[in-house]
Amino acid sequence: MEFTMVPGPVVHEILRQNRAPVIDLVRRTYEQHKAGETINPNSYFLRFPDKPDARIIALPAFLGGDTQLAGIKWISSFPANTAAGLPRASAVLILNDYRTGYPVACLEAATISSARTAASAAVAATALRPAGYEGTTVSVIGAGVIARNVCDYLHAAGVRPDGYLVHDLHEESGDALVGHLRRELGADASFTPDLDAALAAGTVVFTTTASVPYVHTPFKPGQVVLNISLRDISPEVICESANILDDVDHCLNANTSPHLAEQATGNRDFITGTLADVLDGTVALGGDRPVIFSPFGLGVLDIAVGAYALEQARQAGTAVAVPGFFAETRRW
């Protein structure tokens with residue numbers, strides 16, 4: 001039995017060169033999830049009393065269809081890392097063969113996690129504003145690794161706004177994202193210290209580390225909000241909007257903004273549907289309300305993107321086989 005390692009630089013290069021296929025893969029995985037071809041249990045949060053803002057999350061999942069792999073992503077979120085110039089998140093992904101249950105691969109997964117998150121945002125962006133982005137502005141609130149990846153994937157999906165506004169409490173980070181947008185995407189981009197200006201854009205992308213809501217001003221009809229960081233928006237704003245989730249039960253958890261809205265109202269009437277419902281036409285959105293997309297982040301997306309990266313690495317000869325990884329391969 002072979003066990004394979006795929007290091008971070010290999011994963012990063014594969015995903016960097018294949019953003020459009022990853023977007024299509026994520027779209028198809030959402031459709032498989034709705035069709036019942038996946039198993040996606042609740043995530044498990046390991047928290048630390050002396051580090052209340054830090055956590056390590058376990059996301060188990062199974063993807064059927066042609067993939068037939070189970071697995072688990074083990075991802076840490078330590079926001080204090082950013083003060084030392086380190087990324088907030090680090091992760092590994094273990095993939096298991098469905099036939100035997102044996103683990104077959106371990107991949108560096110912070111890149112996988114950010115790619116599937118960004119691809120999810122790109123799928124939502126094109127589905128929720130099908131007329132395109134010409135004549136509009138996209139604002140990005142929070143200028144870290146996820147923000148950069150979301151912008152790269154929006155570009156790969158054909159999102160071409162007239163300009164980007166970037167807002168971050170740390171102006172140096174905001175300026176770094178502005179530079180990336182100008183240099184790598186050829187976009188018109190500028191930094192704004194004014195949160196209200198960022199919130200007024202036609203499309204608002206939240207990619208912060210906020211743990212409690214601070215946005216209490218309602219969005220306007222026609223605005224599209226990609227609520228990637230999940231905890232920026234107050235329950236009352238959620239309830240005044242059309243709400244699209246990746247998975248209802250998963251998103252109503254861990255004090256996300258939709259979860260807080262459920263707690264405040266005692267019901268789920270504010271939920272319009274899932275992204276898969278929009279993709280297959282089950283849910284049609286009008287322009288009478290703002291639309292908020294809140295993706296909790298499904299482990300099955302990590303399995304899909306990880307399986308793709310593993311296959312690409314094997315074909316390219318950049319995967320690292322670990323001979324003799326299992327001590328015993330026969331019962332007797």
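Modeller: First, a term for this predicted model: two strands pair if DSSP finds at least two bridges between them. We'll need that for the hairpin of strand 6 and strand 7.

Biologist: OK, what makes strand 6 and strand 7 a pair?

Modeller: Five bridges join strand 6 to strand 7 (residues 103-108). The cut-off is at least two, so they pair. The two strands run antiparallel, and Leu95 stands opposite Ala105 in strand 7. Five residues sit between the strands of this hairpin, and Gly101 takes a positive phi near 85° there.

Biologist: And how do you know that strand 5 pairs with strand 6?

Modeller: By the bridge count again. Strand 5 (residues 69-77) and strand 6 (residues 89-97) are joined by nine bridges; at least two are needed, so this is a pair too. They run antiparallel, with Trp74 and Val92 as bridge partners.

Biologist: What makes strand 12 and strand 15 a pair?

Modeller: Three bridges join them, and at least two are required, so they pair. They run parallel, and Leu226 stands opposite Phe293 in strand 15.

Biologist: Why is Ile233 called buried?

Modeller: Its relative accessibility is 0%. Buried means under 20%, so Ile233 qualifies. This residue lies in the loop between strand 12 (224-227) and helix 7 (235-239). Beyond its sequence neighbours within four places, its contacts include Phe206, Phe219, Ile238 and Ile292.

Biologist: Why does Thr111 count as buried?

Modeller: Thr111 has a relative accessible area of 17%. That is under 20%, so it counts as buried. Thr111 is in helix 3, and apart from neighbours within four places in sequence, Thr111 is in contact with Val11, His12 and Leu15.

Biologist: How do you know that the span of helix 4 agrees with what it should be?

Modeller: Helix 4 (residues 145-156) has twelve residues, and at 1.5 Å a residue they should span 16 Å. The end C-alpha atoms are 17 Å apart, which agrees. Among the buried residues of helix 4 are Ala147, Val150 and Tyr153. Just after the helix, Gly158 takes a positive phi of about 90°.

Biologist: Last one: where does the largest nonpolar core lie, and how do you know?

Modeller: This core has 98 residues, and those with the most contacts inside it are Leu107 and Phe219. Helix 3 (residues 110-128) gives the largest share, eleven residues. Both domain 1 (3-112 + 299-322) and domain 2 (130-294) give residues to the core, so it lies between them. As for Leu107, leaving aside neighbours within four places in sequence, it is in contact with residues including Val6, Val92, Leu95, Ile112 and Leu310.

Conventions
Residues numbered from 1 in each chain as written. Predicted model: local features only at pLDDT ≥ 70, side-chain atom pairs only at ≥ 80, totals over all residues. Heavy atoms only, no water. Helix = DSSP H or I, 4+ residues; strand = E, 2+ residues; numbered from the N terminus. Buried < 20%, exposed > 50% of the residue type's maximum accessible area, 1.4 Å probe, protein only. Contact = heavy atoms within 4.5 Å. Expected span 1.5 Å × (residues − 1). Core = buried A, V, L, I, M, F, W, Y, C linked by side-chain atoms within 4.5 Å. Domains from an automatic or database assignment.
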